[in-house]
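Please study the sequence and the model before turning to each solution.

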Amino acid sequence: MILRTKNLSKRFGNRWAVDGLNLEVEKGQIFGFLGPNGAGKSTTIRILLSLIKPTTGEFSFFGKDFRKTGRNVYAKIGALVEKPDFYQFLTARRNLQMLAGLSGGVPDKRIDEVLEIVKLADRADDRVKSYSHGMKQRLGIAQSILNHPEIIILDEPTNGLDPEGIKEIRKLILRLAGDFGITVFLSSHLLHEIEQTCSHVAIIDNGKLVVQGEVHDLLRKNDFYITEVLVDDPQRAMSLLEKEIWIQKITSGDGVLKIKIPAESRPRLTQFLVENGFAVSSVIPRTSLEDYYLTLLNRDMK
Amino acid sequence: MTLLLKATWYEIIKIASKWRTYIGFITIAILIPVIMFLVRKYGFGVQDNALNSMKGSFVFVGSLVNGLIVSYFLMNVLWVHFPFFIVLVAGDVVSSEGAAGTFRIWLTRPISRFQVITAKFIATFVYTAAIVLFLGLLSVGLGMLIVGGGDLFVFDKGILILSQGEALYRFLIAYLLAVCVQMTVASLCFLFSSLTSNSVGPIIGTYATLVVMFILSMLKIDALKVIHPYLFTSYFDVFFAPFSDPIPWQEIAGDVGKLGIFILVFYLASAISFIRKEITT
Amino acid sequence: MTADSIYSFKKCLMVLILTGMVLISVGRAQENPQEILAKVNALYSSIDDYAATVTLSVNITNFRMPKKIVKVFYKKPNKFSMKTDGFAMMPKVGVFPVPSNFIPADAQVMYNHSETLKGIRYHVLDVKPKESDKKDSEISLWINSKRWTIDRVILGVKDSGSSEVNLHYRQIEGKWLPDSTVVTLNYKKGIPKLDRPSIERPIDDPDVPRVNVESLSGTVRLIFSDVVINSGLDDSFFETEEK
């Protein structure tokens, strides 16, 4: 277990921002930490990084209670909390040199390496002031991997980025996990990105853990099923299906029907269409993390 | 310890990389030569008045107008004016990081918060010492170069004339004491800086505190005498003590000790505040 | 005693008195103050130039100064120069005691009396300056009748106080020149006891008149060494720097 929290809680005034959180992250996972705004994601991450203190509960890294290991454990941990703020008046290289120094010393060669990984090597000696948001984000990830961490904690790493920037960060995260074996714990509210990036996920709402597990498992084991169906007469199919009470939701677009049904009704759908004389070209499962998440948190509007 | 030294060095780099750090140095570098050239051209009438009673029986040989006496009088700026350059930097050291959000990256390192705040404090001390000693070096050095060297005329239970060698030695002690005095100002400002995320507040707060303390020190009201020992400004004149003869080492040690206590208290309060601070920005 | 012996005694007494009166009148005829001063001036007439190193020690109320080395130079008829590193205060009288140095040209010089001190007879002259700004000052000179040196000077200012200068000499190349001088000061108003700057009083203003200023008393000592006379001093020794 590379990261574990046990009944972790944080109260601000009368409000519990984090309430009895129990997380388990294994080595090698790309772990997504999901939740709506104000759910307690950033608060949890700040507690893990000792930026704020928990009200109750405990957490451990590498199987050792943080109260016993102290801050020395951060030598094996990289982190990026919200938007990366560097010393604008210093160059990227100088910023990284100082952060490397505080991490117990890292050779200059490593600084060049991480800049290469995040594709900022050619801008290393420019002041951070001149960097775009995407570049600062990449530099943020660069500083998080300076000291060869075993786990990196990223809080909303794609915040404020354009689609291309988001894609770059996603590729980077996958590379860090795949090529360098780094466990990644990242929080986001971009469900599509989490689904494409993460192997495991935990969802919190109002400070409480709602569900935790492997993404495919969660999507497979959930109690609803979303599929895209291609038939010869989508309009007639839609008008027929809308009347069926076992159909939870149906939408149509570009001749494709997107249908949400209870998981146990999966075989019934194909049977219904065939019995009603439709030629079914394809039935493709499309239950997304977003669908799962929104249904789970009752945010889905029928 | 290595981590602390590294962190201190980085803090010094950060201070040195900001333009506001150089305001004091540039001001001193411009003002001192101008003053010295003006004195060289137009003179500096002090001893004439003080030695009036001697003119009937004595002939004055040589002159007391030299760079050292100008430097001596320039030390008066260390009361109220000079602290501006100190608070400009000390007020920014901690609060600016809160405002800029750089704590989120800095404090997620293995280094402890105590080491971070101590490194910042030491860096503030380095800046304070550098700018005070720069003033000393420039005023005495340029004073001797432009106006000339010679004996130093000071007031100490009447008039005391110190030979050049003696005077230089006492200037060295005086400026080292001035570092201690200005460090007291810096530590108070540092404390205010650790409590806010805005550097303007600590600057104004420190200056306001200084002004109020000076006023309370100067008012000749018996009831206020009780609080004088608790005002750190009461010990600010220690940097003039080396110009007495004999040098009152015991008095100096006492005043330095008291200022040291203030510095320690402000530092510890900053450290406690910083360690307990929740970084929510 | 017989009548004859009484008569003889009275006769001798009369002779003695008359002789004494004659002698006194003869003596009085020699105690011309101008002549005395001329003899003092003659002492220095053969000195074309003079250079000496003076070690100056000052011990005055509310005034402290380290020992200073002052180089003094004199060149006939009236060139004087004193040089030192930094600053020094030299007494006006007692460095090179040529009467013309401290006796104003228009002063009235009168013979006061003569007295014998340690077996030496001194002529005491009084000098009263005529200039209006100095008319409250008085100078008294004790002139050694053996070697015609000024051994003591008292400078008094009415209602202010006085200073006494005692000069000691030694012979250099046959000339009596100052070996050491002690100036003793005693004035009613001296240097105010100005204090070092403090938080209550950042800078003391010497212009502000003070009440109860202590009197100025103390001594200034000059010790002469490396005396050289008639060495052909250049006029450049007497050029002053504008400061």
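**Exercise 1.** Determine why helix α5 (residues 83–90) of chain B is described as largely enclosed.

*Solution.* Step 1: count the buried residues. A residue is buried if 20 or more other C-beta atoms, placed from the backbone, lie within 10 Å of its own, exposed if 12 or fewer, and partly exposed in between. In α5(B), 6 of the 8 residues are buried, so the helix is largely enclosed by the rest of the structure.

Step 1: name them. The buried residues of α5(B) are B:P83, B:F85, B:I86, B:V87, B:V89 and B:A90.

Step 2: find the cover. The elements over these buried residues include α1 (2–16), α2 (21–42), α8 (113–147), α9 (164–195) and α10 (200–218) of chain B. Helices (H or I, at least four residues) and strands (E, at least two) are DSSP runs, numbered from the N terminus.

The model is predicted: local features need pLDDT of at least 70 and side-chain atom pairs count only at pLDDT 80 or more, while totals for chains, interfaces and linings use all residues. Residues are numbered from 1 along each chain as its sequence is written, and chains are lettered from A and ligands numbered from 1 in the order in which they are written.

**Exercise 2.** Describe how helix α4 (residues 67–74) of chain B meets α8(B).

*Solution.* Step 1: consider the geometry. The two axes come within 7 Å and cross at roughly 145°; axes are lines fitted to C-alpha atoms, for helices over the stretch in contact, and angles run from 0 to 180 degrees between N-to-C directions.

Step 1: list the residues in contact (C-beta atoms, placed from the backbone, within 7 Å). From α4(B) come B:G67, B:L68, B:V70, B:S71 and B:L74, and from α8(B) come B:S139, B:V140, B:G143, B:M144, B:I146 and B:V147.

Step 2: classify them. The contact divides into 7 nonpolar, 4 polar and no charged residues. Here Ala, Val, Leu, Ile, Met, Phe, Trp, Tyr, Cys and Pro count as nonpolar, Asp, Glu, Lys and Arg as charged, and the others, Gly among them, as polar.

**Exercise 3.** In which order do the 4 strands of the open sheet in chain A lie?

*Solution.* Step 1: read the order. It is β13-β14-β12-β15, with antiparallel pairing; two strands pair if DSSP finds at least two bridges between them.

Step 1: identify the edges. They are β13 (249–253) and β15 (280–285) of chain A, each pairing on one side only. From one strand to the next, the twist averages 20°.

Step 2: examine one pair. Strand β12 (residues 224–231) of chain A joins β15(A) through 5 bridges, and A:T227 stands opposite A:P285.

**Exercise 4.** Describe the interface between chains B and C.

*Solution.* Step 1: count. In this interface, 39 residues of chain C are in contact with 38 residues of chain B. On the side of chain C, β5(C) gives the largest share, 5 residues.

Step 1: classify. The residues on that side of chain C are 22 nonpolar, 6 polar and 11 charged.

Step 2: look for pairing. Strand β3 (residues 159–162) of chain B runs parallel to β2(C), joined by 2 bridges; B:I159 stands opposite C:F63.

Methods
Two residues are in contact if their C-beta atoms, placed from the backbone, lie within 7 Å.
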